[in-house]
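Please keep the sequence and the model in view while reading.

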Amino acid sequence: QFFDGGVSIGPACTLGPTAPATPAVVTCTSVITPSIILAVGNHAFTAGYVPGNDPNYSAVTSAVVNFTIVKANSTVSAITVSPTSSGVFSQSMTFTVTVKPTDSGNIGVPTGTVSFLDGTTPLTGSPITLQTVNNVQTASITVSNLSVATHSITANYNGDANFVNSTSNLPGVQINKANTSTTVTSIVPSRSEEHTSELQSLRHL
């Protein structure tokens, strides 16, 4: 049986009804199933032999083997923007990214937040907590206060206890001036205004 800091991990392997009566080398391999995810940090592995009904050998525990689990890599997808990467002043624009483990396998999913930046300035409402959408970790932010200019939008995944941070960038987001319209309205004087104007004219005669 294998142990991590004294805690059993993986299934025990059986050597057979009895161990050999003479000295021999017996190999036992235990596979950690996908349901067992070792936490990030230092681990102290040992193997313990339990003789069971074998009268020839006594129980024994191996020396400690130290092992370190590091954070897994993460990948931020390309930033998508809706409706388009070119808009006008005060128009709402939504920026979206997904965050996945770089390596395949059952290693869990990234959690935590994504910071959206315009250059080095955080977008209003950033950071955004990751949400599960269609089984994918997703972060979206909608803003309508980008100035008239060309913007470089960055999405920084800030990492968590098990995954390192990662970044994606979308340059060339263009915000143009908004269109305006001018309306000319004519003012027609009322009858009372016309009458007042006539009286003032008579006084000057």
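Is D160 buried or exposed? D160 counts as buried because its relative accessible area is 16%, where buried means under 20% relative accessible area, exposed means over 50%, and partly exposed lies in between (1.4 Å probe, protein chains only). The model is a predicted one, in which local features need pLDDT of at least 70 and side-chain atom pairs count only at pLDDT 80 or more, while totals for chains, interfaces and linings use all residues. Residues are numbered from 1 along each chain as its sequence is written, and side-chain values use heavy atoms, with hydrogens and water left out.

**The chain as a whole**

- The protein chain contains 1 helix and 16 strands; helices (H or I, at least four residues) and strands (E, at least two) are DSSP runs, numbered from the N terminus.
- Of the 205 residues in the protein chain, 24% are buried.
- The accessible surface of the protein chain is about 13,400 Å², and carbon and sulfur atoms hold 56% of that surface; the areas come from the Shrake-Rupley method with a 1.4 Å probe, and for residues only the protein chains shown count as cover.
- Among contacts in the protein chain with a separation of 6 or more, 57% join residues 24 or more positions apart; a contact means heavy atoms within 4.5 Å.

**The surroundings of D160**

- D160 belongs to the loop between strand 15 and strand 16.
- Apart from neighbours within four places in sequence, D160 has contacts with K71, V109, P110 and T111.
- The C-alpha atoms of D160 and T111 are 6.2 Å apart, although 49 residues separate the two along the chain.
- A polar atom of the D160 side chain lies 2.7 Å from the backbone nitrogen of F163; a polar contact is a pair of N or O atoms within 3.5 Å, where, within protein, one must be able to donate a hydrogen and the other to accept it, and residues adjacent in sequence count only if both atoms are side-chain atoms.
- V109 is placed in the loop between strand 9 and strand 10, and, leaving aside neighbours within four places in sequence, V109 is in contact with Q137, D160 and F163.
- The C-alpha atom of V109 is separated by 8.6 Å from that of V136, which is 27 residues away along the chain.

**Strand 10 and its partners**

- Strand 10 (residues 113-118) and strand 15 (residues 149-157) pair in the antiparallel sense over 5 bridges; two strands pair if DSSP finds at least two bridges between them.
- In this pairing, D118 stands opposite I153 of strand 15.
- Strand 10 is also joined by 2 bridges to strand 12 (residues 128-129), and these strands run antiparallel; here T113 stands opposite T129.
- A further antiparallel pairing, over 2 bridges, links strand 10 with strand 11 (residues 121-122), and T121 is the bridge partner of D118 in strand 11.
- The hairpin of strand 10 and strand 11 has 2 residues between the strands, and G119 there takes a positive phi near 70°.

**The nonpolar core**

- The largest nonpolar core has 24 residues, and F95, V97, V114 and F116 have the most contacts inside it; such a core is a set of buried Ala, Val, Leu, Ile, Met, Phe, Trp, Tyr and Cys residues joined through side-chain atoms within 4.5 Å.
- Two or more residues of this core come from each of strand 9 (93-101), strand 10, strand 14 (136-143), strand 15 and strand 16 (166-176).
- Strand 9 provides the largest share of this core, 4 residues.
- In soluble globular proteins, nonpolar side chains tend to be buried together.
- Beyond neighbours within four places in sequence, V114 is in contact with residues including V97, S126, I128, A139 and Y157.

**S126**

- S126 is in the loop between strand 11 and strand 12 and counts as buried, at 18% relative accessibility.
- A polar atom of the S126 side chain lies 2.9 Å from the backbone nitrogen of F116.
- Not counting residues up to four places away in sequence, S126 touches V114, S115, F116 and I141.

**An aromatic pair**

- The count comes to 1 aromatic pair, where rings of Phe, Tyr and Trp (its six-membered ring) pair if their centres lie within 6.5 Å, and planes under 30 degrees apart count as stacked, over 60 as edge-to-face and the rest as tilted.
- The ring centres of F45 and F67 are 6.1 Å apart and the planes stand at 50°, so the pair is tilted.
- F45 lies in strand 3 (residues 41-49) and F67 in strand 5 (residues 65-69), so the pair ties together parts that are 22 residues apart in sequence.
- F45 is buried, with a relative accessible area of 18%, whereas F67 is partly exposed, at 44%.
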